[in-house]
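Take a slow look at the model shown here.

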Amino acid sequence: MKMSTVNESKKTHRIPLEETDVLIVGSGFGGIAMGIRLKEIGHDSFIILEKESSVGGTWRDNIYPGAACDVPSHLYSFSFAPKYDWSRKYAPQSEILDYMISVVKKYQLEGSIRYRQEVVRAEFDEASGRWVVLTRQGKTFRSRFLINATGGLSIPALPEISGLNNFRGPFFHSARWKKGFSLKGKRIAVIGTGASAIQIVPAIAPDAKSVLLFQRTPPWIISRDDKPIGEMTQSLFKAIPLLRWLYRKFIYISLEWRVIGLSIFPSLMKSYQKVAVNFIRESVDDISLQKIVTPNYTIGCKRILLSNDYYPSLQRKNVSLITDSISKIQGNGIRTRDNRLYPVDAIVFATGFQVFDSVIPYPVYGLNGKNLRDVWKEGAEAYLGTAVSGFPNYFMVVGPNTGLGHNSMILMIESQARYIQKCISHVLSKDIVSVDVKKVVQEKYNRRLQKRLRRTIWTLGGCKSWYKNADGKNTTLWPGFTFSFRLMTLYPKWKNFEIKKSNSKKQDKELKRIPASENAQPAHR
Ligand code: NAP
């Protein structure tokens with residue numbers, strides 16, 4: 001590691017500076033996939049910056065009771081790192097996190113990760129063709145490539161409800177569950193009925209004194225059909241890799257076709273909705289409760305949730321579903337618009353994540369000091385959800401419009417990691433300083449994408465969801481098959497990029513002549 005000297009108000013500080021070819025931000029599934037991809041092609045000059053002290057991203061943060069994946073684990077795992085002995089069809093959070101840790105170990109990524117380094121700004125230095133990245137902890141990193149892998153769902157959204165700070169008990173977001181928090185004898189309020197809440201409520205209801213669930217919009221839920229995977233099956237998967245591979249393919253195909261209804265022929269969703277309506281009828285005895293939990297939008301418009309224990313939990317004596325909207329929070333409880341006070345001891349906000357303002361949780365300055373947040377003020381967009389014009393050598397894993405409503409995100413992550421690695425390899429193997437996707441290419445790509453998204457259930461289904469921004473633009477989801485994304489990202493098309501050739505050694509020499517401090521200092525604040 002180098003130390004650079006920065007002059008500030010006549011004082012001289014030593015600022016730690018680390019240089020590398022590739023800087024990856026985040027060590028969730030995206031960052032891990034990217035690191036492994038680079039390692040596999042023998043490229044070891046990369047650093048992964050992680051703001052916490054361990055890997056895992058969303059699977060490290062979401063430790064709430066009942067946290068589990070709603071995509072079967074044999075598919076919600078890397079294709080190149082199969083795990084034969086998943087304990088259940090849908091593994092719990094702890095098992096997924098253990099899997100991620102084991103993959104990091106297997107591929108010897110530990111040495112490349114810098115923990116407790118939270119990126120606070122990144123800037124492209126045109127003169128040197130390097131990204132200069134600062135962390136909250138006061139370190140500077142300089143790299144040829146910068147890859148954001150912070151994920152779309154990492155910053156909790158706490159609603160602005162008046163009086164929250166007057167509340168005398170503990171309150172926290174579902175993704176910031178208080179370790180060791182005892183539910184015993186407590187009246188717990190859960191706000192929100194999304195993917196997290198429907199896992200939390202059944203898990204906490206047996207222990208809590210009471211659970212008050214505040215619903216604004218009911219979700220569509222279908223049966224989850226979770227089951228343990230027995231030792232016999234695990235042994236067979238281990239002994240016969242083909243069997244495990246076929247099972248993975250079977251899950252893949254059974255989920256992949258769903259995009260036909262969601263995105264290509266949304267009218268099909270009305271028929272599919274009957275499955276969910278029947279599920280409500282089978283699971284909920286009380287007719288009035290059936291009505292309350294039945295959404296008024298078409299299934300698929302918001303994420304379709306999977307649970308067999310959510311509806312039964314609502315029918316427990318100690319669980320109440322409240323549909324009056326919240327007017328304020330006060331010292332001892334929650335007051336609703338009909339002026340009823342619900343006394344509670346703790347509040348859990350299962351209210352989702354900030355998606356739009358913070359796709360990238362730190363400012364990124366590209367060519368001419370342009371801030372990515374300004375470029376995206378009308379909605380985030382990128383080329384293949386991976387590169388943004390004006391931001392050379394900058395890539396994203398799980399960028400705009402790469403989310404899925406129907407299949408495993410790991411498929412998209414692997415496609416993107418492969419694509420980004422190919423871009424990096426190309427630059428490094430030729431006399432190239434940087435690649436930057438052409439603006440016209442990005443615009444054409446997004447025009448087509450948005451045209452297609454306008455015909456999907458996410459637009460036509462009659463709901464508000466985090467998939468769309470305030471203007472109704474869907475900046476989050478990929479509207480096609482995952483294999484078509486894989487095909488599109490198989491090989492970078494170089495004609496789509498501005499390629500800045502190096503005046504070769506001259507530029508490198510110049511870079512060496514520039515004191516590290518100059519490169520480390522951001523020009524724009
Ligand atoms: P979410 O699906 O966005 O749900 C947030 C819930 O909070 C919604 O019911 C929302 O109501 C409600 N809400 C938000 N603000 C509110 C307010 N001011 N007052 C009352 N209610 C409010 O969030 P999430 O459950 O955390 O899930 C987010 C995403 O994480 C999921 O869509 C999924 O992609 C992922 N996830 C996945 C899994 C998994 O099993 N793989 C598990 C958990 C989460 P409205 O619907 O009316 O807005």
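This is a predicted model: local features need pLDDT of at least 70, side-chain atom pairs count only at pLDDT 80 or more; totals for chains, interfaces and linings use all residues.

Residues are numbered from 1 along each chain as its sequence is written, and side-chain values use heavy atoms, with hydrogens and water left out.

Start with the cysteines. The structure holds 1 disulfide (a pair of cysteine sulfur atoms within 2.5 Å). Which residues does the disulfide join? The partners are Cys 301 and Cys 463, with 2.0 Å from S to S. Cys 301 sits in the loop between helix H9 (287-292) and strand E12 (305-306), and Cys 463 in the loop between helix H14 (457-460) and helix H15 (482-488), so the pair ties together parts that are 162 residues apart in sequence. Helices (H or I, at least four residues) and strands (E, at least two) are DSSP runs, numbered from the N terminus. The link is left-handed, with -90 degrees about the S-S bond. Both Cys 301 and Cys 463 are buried. Buried means under 20% relative accessible area, exposed means over 50%, and partly exposed lies in between (1.4 Å probe, protein chains only). Cys 69 is buried at 3% relative accessible area. Cys 423 is buried too, at 0%.

Now find helix H13, residues 439-453. Its 15 residues reach 21 Å from the first C-alpha to the last, close to the 21 Å expected at 1.5 Å a residue. The expected span is 1.5 Å times one less than the number of residues. Which residues of H13 are buried? They are Val 441, Gln 442, Tyr 445, Asn 446, Leu 449, Gln 450 and Leu 453. Seen down the axis of H13, these buried residues fall within an arc of 155 degrees, so they line one face of the helix. The arc is that of the directions from the helix axis to the C-beta atoms. That buried set packs against strand E20 (432-437), H14 and H15. Contact here means heavy atoms within 4.5 Å. On the other side of H13, Val 440, Arg 447, Arg 448 and Lys 451 are exposed.

Helix H6 (residues 241-256) can be read in this way as well. Its 16 residues should span 22 Å at 1.5 Å a residue, and its end C-alpha atoms are 22 Å apart, which agrees. Arg 244, Arg 248, Ile 251, Tyr 252, Leu 255 and Glu 256 are buried in H6. They fall within an arc of 125 degrees seen down the axis, so they line one face of H6. Their cover includes helix H5 (231-239), helix H7 (258-264), helix H12 (409-429) and H15. On the other side of H6, Leu 242, Phe 250 and Ile 253 are exposed.

Next, look for empty space. Rolling a probe the size of a water molecule over the atoms shows where empty space is left. On a 1 Å grid over the protein atoms alone, a cavity is a set of points where a 1.4 Å probe fits but cannot get out, and lining residues have an atom within 4 Å of a point. Grid points are joined across faces, edges and corners, and a volume is the space filled by probe spheres set on the points. How many cavities of 30 Å³ or more does a search of the whole structure find? The search finds 1. The largest cavity holds about 30 Å³ of space. Among its lining residues are Phe 391, Asn 393, Tyr 394 and Asp 436. Strand E19 (394-396) and E20 are the elements that give two or more residues to this lining. E20 gives the most, with 3 residues.

Asn 393 lies in the loop between helix H11 (372-375) and E19. Asn 393 is buried, at 0% relative accessible area. Asn 339 also has a positive phi, about 70 degrees, although it is not a glycine. Asn 339 is in the loop between strand E15 (333-336) and strand E16 (341-343). Asn 339 is exposed, at 53%.

Finish at Lys 501, in strand E21 (residues 497-501). Lys 501 is exposed, with a relative accessible area of 57%. Not counting residues up to four places away in sequence, Lys 501 touches Asp 431, Ile 432 and Val 433.

Key: On a 1 Å grid over the protein atoms alone, a cavity is a set of points where a 1.4 Å probe fits but cannot get out, and a pocket is an open set with protein on both sides within 12 Å along at least five of seven lines; lining residues have an atom within 4 Å of a point.
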